[in-house]
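Keep the 3D view open while you read.

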Amino acid sequence: MIRLQNVTKTFNSDTTAVDNISFHVKEGETFGLVGTSGCGKTTTLKMINRLIEPTSGTITINGNSITSQEPQKLRRNIGYVIQDVGLFPHYTIEQNISTVPKLLEWNERRVQSRSEELLEMVGLSPEIFSERFPESLSGGQQQRVGLARALAADPSIILMDEPFGALDPITKRQIRTEVSKLFKQIKKTIVLVTHDIFEAFEMCDRLCLLDEGKMQQIGTPKELLFHPASDFVDSFLASNRFQLELLSITISNILELKENSELYWSPPSEKDQQDDIQADKSLYEILEEMEQRNHENGAIIHRIDGRVADSLSFSDLLNRFQSYKKDLKIGGEDG
Amino acid sequence: MVDFWNFVITNHAELLDQTGEHVGLTFVSLLIAVIIGIPLGVIATRFKSISSPVLGAVGIIQTIPSIALLGFMLPLLGIGALPAIVALFLYALLPIVRNTYSGIEEVESSVRESARGMGMTGGQILRKVELPLASPVIFAGIRTATVINVGVATLCALIGAGGLGEYIFRGIALNNSVMIMAGALPAALLALGFDFVLGLVERNISTLMKPLSYGLAVVVIFVSLYSVSTVFSEDQLRIGVPPEFLERADGFDGLQKHYDFDMPVVEMNASLMYEALQNGRVDVAVGYSTDGRIEAFDLKVLEDDKRYFPPYECAPVVRQDFAQQNPDILQAINKLAGTIDTETMIRLNSAVDHKGKDERTVAEEFLHQKGFETDINRQGDPEMLIGGKLQTEQFILGHMYRILIENYTDLDVGLRLGLAGTQIVFNALLNDEIQLYPEYTGTGLHVLLEPVESTIDSLGNNAQKVYRYVANESQQQFDIRWLEPVGFENTYVLLMRSKQAEKLGIETISDLARFLNQ
Ligand SMILES: Nc1ncnc2c1ncn2[C@@H]1O[C@H](COP(=O)(O)OP(=O)(O)OP(=O)(O)O)[C@@H](O)[C@H]1O
Ligand SMILES: [Mg+2]
């Protein structure tokens with residue numbers, strides 16, 4: 001969908017912010033740009049909507065060069081979310097959200113119903129928020145509005161630069177989870193810049209790790225973790241390795257799931273009811289929940305065709321995780 | 001206070017006119033400053049390389065003292081409303097340009113970035129985001145500019161642009177504090193009033209923004225057009241009158257009654273009168289018969305055929321006590337008596353006004369020619385002070401007296417020339433701040449002594465009778481002694497451009513009155 005080919009950006013003819021980068025973001029995936037501060041993430045992102053023009057190289061969207069149309073036209077079809085949100089302080093929430101639809105000259109009715117729909121979508125009640133001004137909203141609420149604004153004209157691509165960077169850890173986590181869910185629903189192609197590696201692992205299908213403007217590795221979180229292309233990649237992830245591994249390995253990875261497999265908690269949180277577990281849950285999330293359920297007497301039950309195949313305690317899970325990792329490293333391909 | 005109210009009530013028509021002119025000058029210049037200043041501020045934000053030159057330039061204009069700025073306008077644009085508006089406009093520029101610039105610069109970069117990121121064009125960002133967000137700051141600049149302009153506009157009376165400054169300067173010339181108040185108080189109230197109203201607007205700008213900016217624009221444009229049209233209207237003969245002449249007993253009111261005419265007045269400083277006459281801003285001007293510029297500017301002196309003006313023989317006046325203590329000084333001064341006839345005075349004046357010589361050189365050369373000692377030139381602390389009014393010949397005479405006294409006595413002499421009006425100089429003499437100055441008999445009669453009408457009639461405008469009466473009365477009433485006349489007369493005259501006078505067939509003031517009454 002979005003393709004960068006040998007893109008380089010040099011500022012003031014001496015700072016090379018982005019150095020010969022090429023990657024392809026597939027339709028519907030969430031693609032992360034990660035790396036330390038100043039490595040060129042923002043610069044790369046802004047070249048996609050032409051807020052910055054590359055010094056050399058080409059960028060295409062669906063095969064068309066982005067320079068084939070006016071930058072303003074291009075931008076109206078690409079959502080853009082930034083850390084400081086940048087809501088217009090003199091516009092109401094509704095007017096803020098309606099900015100792009102109005103630029104696209106939608107009719108009044110459509111603009112309004114779209115804005116209400118979006119507010120609902122990001123979890124804000126239109127009755128309460130439509131007529132308010134940004135200064136009366138909390139940081140988290142503002143970021144939700146910022147998101148709604150980026151989605152307003154239903155662009156197929158959304159660029160996000162540290163969208164949750166300014167939020168406190170709890171709000172951040174909460175919004176992140178909601179947004180991940182939302183994105184899965186609405187099928188957008190997303191390029192996400194972040195220096196929070198957990199965020200990247202949680203949200204992104206694939207990542208591009210940059211260092212000093214140069215591409216270090218592109219791949220799924222697991223590939224980066226278990227098959228680092230260089231010492232740099234390895235050491236970049238080293239300090240958080242254990243948590244990242246738990247994050248990138250799902251429960252289905254360590255169990256041999258069949259067609260008729262069922263996963264659920266035992267004991268259930270309420271009697272007579274089965275607590276199902278989704279197969280794509282990361283081990284991190286599973287262990288976290290187990291902790292909350294008081295893992296001493298908690299377990300995960302795996303049933304195939306109604307018969308119990310496995311019953312896994314906290315330590316069982318960790319053991320399986322260790323042996324899965326060993327296989328991964330030997331196997332060369334991840335499962 | 002009672003005086004003040006009486007003054008305001010009797011002069012309310014003129015006061016209203018002046019207030020109108022004042023508001024007009026303020027708003028016309030403000031409107032232009034807004035129309036030019038806001039785009040200039042915007043451009044400065046767009047091209048960083050010119051922002052500091054632009055801001056620097058408007059900042060430097062602001063540091064020029066307002067009087068000097070008005071002065072610079074004179075050679076470029078002459079006198080009247082136009083140079084005043086240009087000067088006020090230049091003054092208003094700084095707060096408007098600077099606030100536009102900083103108001104836009106202060107818009108958060110994230111707001112601008114998201115606007116760009118959503119696909120707004122440069123123009124849309126400016127109109128929908130930057131200007132609305134900067135509007136409180138811009139408005140504060142406009143408010144500052146308004147208040148500055150109300151203040152500076154009082155000075156515009158100096159270059160014949162009218163406004164409340166007219167009363168202030170006339171009041172200063174006549175040493176009349178009631179009159180000064182009558183100009184200053186409304187000016188202060190205007191400034192406070194505008195500040196208050198604009199302050200209200202500023203605080204509510206976001207809600208009032210749209211209706212208000214349109215409303216304000218319409219009002220300002222109408223006020224501006226109206227006042228421009230009144231200031232520049234050209235349909236009638238107009239007379240330029242110096243402030244003092246408007247108020248004197250032998251001044252303009254009396255002249256109009258005596259000749260039975262009525263014509264619109266443009267009040268202006270005497271030194272601007274000739275230029276105003278030449279460039280057609282006025283058609284008749286009140287001048288002095290000894291002025292060298294009458295000939296230089298090819299002006300017609302209208303004959304005072306009904307003998308309205310009294311004789312104005314020039315003679316030095318001194319304090320009685322001073323005269324008694326210094327008989328040698330009287331001797332020195334009296335050497336000049338009878339030596340300068342009217343022709344000569346015109347010649348000396350024009351040497352200064354037209355040939356650009358300085359008064360001191362002209363005085364020195366003349367005395368030298370006449371065979372007087374002129375070599376001594378003392379530099380010590382002055383032991384006496386000679387005063388003088390704001391007229392070229394008074395400067396020349398002041399220097400002549402100083403030279404004579406320094407050469408024929410042991411005294412060191414200081415000068416206090418260029419004082420702004422008869423009342424001011426005369427009061428200085430009464431208070432012993434100066435000891436001597438040249439005065440005119442007619443002025444002594446009408447301005448200083450102000451006798452009843454029958455007395456004036458009995459003098460019959462006879463030069464000797466007037467001199468004797470004025471000399472006697474001044475001695476009795478003020479302890480002031482008139483010395484022997486210098487030899488020339490400097491009477492008020494009405495002047496017209498020779499060509500226009502010829503065209504309209506006007507030779508005398510009666511002709512003028514007849515023409516006006518047609
Ligand atoms: N407009 C600019 N002019 C000059 N240099 C720039 C400009 N924008 C970015 N740079 C430089 O380019 C490099 C990359 O900047 P960029 O903003 O892309 O980093 P980043 O990865 O987004 O960093 P962070 O995580 O801190 O936001 C930095 O060295 C930065 O100083
Ligand atoms: Mg960045």
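Let's start with helix α8 (residues 165-173) of chain B, which is mostly covered, with 7 of its 9 residues buried. Buried here means under 20% relative accessible area, exposed is over 50%, and partly exposed is in between (1.4 Å probe, protein chains only). Helices (H or I, at least four residues) and strands (E, at least two) are DSSP runs, numbered from the N terminus.

Before going on, a word on the ground rules: this is a predicted model, where local features need pLDDT of at least 70 and side-chain atom pairs count only at pLDDT 80 or more, while totals for chains, interfaces and linings use all residues. Residues are numbered from 1 along each chain as its sequence is written, chains are lettered from A and ligands numbered from 1 in the order in which they are written, and side-chain values use heavy atoms, with hydrogens and water left out.

Back to α8(B): its buried residues include E166(B), Y167(B), I168(B) and R170(B). The buried residues of this helix pack against α1 (2-10), α2 (12-46), α9, α11 (243-247), β2 (265-267) and α20 (422-430) of chain B; contact means heavy atoms within 4.5 Å. After α8(B) comes N175(B), with a positive phi near 55 degrees.

Now for the domains, whose bounds come from an automatic or database domain assignment.

| Chain | Domain | Residues |
|---|---|---|
| A | domain 1 | 2-247 |
| A | domain 2 | 249-329 |
| B | domain 1 | 2-231 |
| B | domain 2 | 239-301 + 498-516 |
| B | domain 3 | 314-490 |

In chain B, the C-alpha centres of domain 2 and domain 3 lie 26 Å apart, and their contact takes 13 residues from domain 2 and 19 residues from domain 3. In chain A, 33 Å separate the centres of domain 1 and domain 2, taken over C-alpha atoms. There, 9 residues of domain 1 are in contact with 12 residues of domain 2.

Which residues touch the most other members of the largest nonpolar core? They are L25(B) and M268(B), in a core of 68 residues. A nonpolar core is a set of buried Ala, Val, Leu, Ile, Met, Phe, Trp, Tyr and Cys residues joined through side-chain atoms within 4.5 Å. Helix α5 (residues 81-105) of chain B gives the most to this core, with 14 residues. Domain 1 and domain 2 of chain B both contribute residues, so the core lies between them. Not counting residues up to four places away in sequence, M268(B) touches I79(B), V241(B) and M273(B), among others. Apart from this core lies another, of 61 residues, among them L119(A) and F314(A).

On the outside, M181(B), L185(B), L189(B) and L192(B) form a nonpolar surface patch with about 370 Å² of accessible area together. L185(B) sits in helix α9 (residues 177-203) of chain B, and it counts as partly exposed because its relative accessibility is 33%.

E433(B) is in the loop between α20 and β8 (436-440) of chain B, and with 46% relative accessibility E433(B) is also partly exposed. E433(B) touches L385(B) and A428(B), not counting residues up to four places away in sequence.

Zooming out, chain B has 25 helices and 10 strands, and 54% of its 518 residues are buried. Its C-alpha trace spans about 90 × 60 × 50 Å along the principal axes.

How values were computed:
Patch = residues over 30% accessible without salt bridge, like charges linked within 9 Å, V, L, I, M, F, W, Y side chains within 5 Å. Areas by Shrake-Rupley, 256 points an atom, 1.4 Å probe, with all protein chains shown as cover. Salt bridge = Lys/Arg side-chain N within 4 Å of Asp/Glu carboxyl O.
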